Amino acid sequence: MTVKPTMIEFRDVQKYYGDYHALRGINASIRAGEFFSLLGPSGCGKTTLLRTIAGFEGISSGAVLIDGKDAAQIPANKRPTNMVFQSYAIFPHLTVEENVGFGLRRAGLDKAEMGRRVGDALAMVGLTGFGKRAAHALSGGQRQRVALARALILKPKVLLLDEPLSALDKKMREQMQMELIKLQRQVGITFILVTHDQEEALVMSDRIAVMFEGRIAQLDDPETLYRRPKTRQVADFIGTMNFLPATVLSDTPDGCEVEVAGLGRCRIAADQAPPGGNGEETTVGFRPETLTILYDGQAAAARETPGTVEEVVYYGDMTYYDVKLDGVRAAVRLSMRNVPGRPVLDIGTRARVAWSPDALVLFR
Amino acid sequence: MRGGWFKVYALVYLVFLYAPIILLPMFAFNDATVIAFPLSGFSTKWFAALVDDPPLHDAVRNSLIIAVTTAILSTTLAVFAARASTRYRFPGKAGLMGLIMLPLVLPEIIVAVSLLSILLMARIELSILTVILGHVLICTPFCIAILSSAFQSLDRSLEEAAYDLGETPFSTFRLIILPLVMPGIISSLLISFTISLDEFIIAFFLAGTEATLPVYIFSQFRFPQAVPVIMALGTILVCLSILLLSIAEFFRRRGLARSGAKDTGGFL
């Protein structure tokens, strides 16, 4: 796979609102044609960062480069970026087609060409035939599509999406996620999505920057982010992660020997254990789906530890168990697919829990 | 029967409010000079008398000039103030807006007396202009109240969206902001026009020799034979006021319908 050229570059971007330090040294590159997400809790600076690309927010120091050019020299209305706003910002006094064609006003197109381009844009978002409707008479999902068509009609180099799906209900949101992914592949331009929904970011993105308190905590593809979060904070924010205290016994270039509470002694591969000192008190994390309850006659592929079922949450396709491993104070959560031959266990049942050192991640 | 008493109360209230206004057209079309029942017969002669009354025409002309100018000036000033107060944050904003809105609750007689003393001190001759000055002062807060709610209901990202799509700040104002607050501007114009048109105290103090319509009407009450004529004039004014306020309300509702916002009760 060839590395695509850089479309957006942040160079030590700092932003202050008075005394409030909103962006604290952002360094990142976003590649051309990439579906990139800025993920984080509210107030982490993700929307501010997006707005510095659009040009709605200035920066206090550092630089934002768009396609190699310093963005500070380009006013917002001249940037090769277009935005889909959280509120959609559909112009309520205009029709759907006037909204979608708004950006073409200055292109000096004749009526026929204008109509054709607007028609194409509407077709792209599945709103053919809606052109004459009044904008305020649309449903949430339709407004979303109008906002997309309006932003894409200028063929921007970068499409900025500020929590575009947060106002939609769950079904609609999932449908729009798939449509956005398809749309991005179809038009091939860089999409930058701001979201606080980790699942949405994992589903849609090529790469994700997880932000906390004005900093990027980790920038990786979804799988790496999920399987090898670099900090406890990231691990906690993305999906569910169990944490157990652990002591580092020896640290070598090819891995780490640790003593984990309840699980015992095991070896963690170097790429899942950042280097550090021996004898250090640390934390080990693992995902619920990496643990398995063993039924009668089953043997563990790697290791097993006994425990007691403390809580059972039945989800239909899955059952979540909170299991108190012997010798550990807090229960760990594990998830099991409900397949034939695996009855749902009762609270209080003694169980054997299989786990593998491969699934453990060490946090310093 | 709680509902029953409420109905009686509401009815009495409405009679108290509107009976005097209903009396206006009754006596305006009555044959007799004396304002008393029983009515003596139908006549349009009092309306005819209005046509042949040059001082009245002067007063109407003065009032119209004052009201139109006041409406335009105070609405223009209010557009700037409302935009600034809803869009920008600056030190001392709350205090400043409070001071601008103060004339809303200040007794008009105080405004009139203080303006008159200042004008006399500055040796400025009383005229239509000085009345306009006073009226702009009392109308601007009303206009700001109307326009603030119009500007407030504007989503900030609408402006950003237009700017993002290549428009300049000025064309964004013209293409997006202005059309969306236009219903507010129209009702502001109409309401300040109405306030100015029937304002008496300030006009009485500051008009000098250029009487406005309310001042002229008041002066005519000294002559009993002029009273039915005033009734006729009053009838016309009531009809015009209802018409103007209906137009204002129409534009307010159309604005709501256009932006799809919920009706939270009008200014009126």
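The following paragraphs lead through chain B and then through a sheet in chain A. This is a predicted model, in which local features need pLDDT of at least 70 and side-chain atom pairs count only at pLDDT 80 or more, while totals for chains, interfaces and linings use all residues. Residues are numbered from 1 along each chain as its sequence is written, and chains are lettered from A and ligands numbered from 1 in the order in which they are written.

Chain B has eleven helices and zero strands, where helices (H or I, at least four residues) and strands (E, at least two) are DSSP runs numbered from the N terminus. Its C-alpha atoms fill a box of roughly 70 × 65 × 35 Å along the principal axes. Of its 268 residues, 31% count as buried, a term for residues with 20 or more other C-beta atoms, placed from the backbone, within 10 Å of their own.

Helix 6 of chain B, residues 128-152, contains B:Ile138, which is buried because 22 other C-beta atoms lie within 10 Å. Leaving aside residues up to four places away in sequence, B:Ile138 touches B:Pro103, B:Glu108, B:Val111 and B:Ile202, a contact meaning that the C-beta atoms, placed from the backbone, lie within 7 Å.

In chain A, six strands form an open sheet of mixed pairing in the order 6-7-8-3-9-10, two strands being paired if DSSP finds at least two bridges between them. The edge strands, each pairing on one side only, are strand 6 (81-84) and strand 10 (215-220) of chain A. Strand 9 of chain A, residues 207-212, pairs with strand 10 of chain A in the antiparallel sense over five bridges, and A:Val210 has A:Gln218 in strand 10 as its bridge partner.

How values were computed: Buried ≥ 20, exposed ≤ 12 C-beta atoms within 10 Å, placed from the backbone. Contact = placed C-beta atoms within 7 Å.
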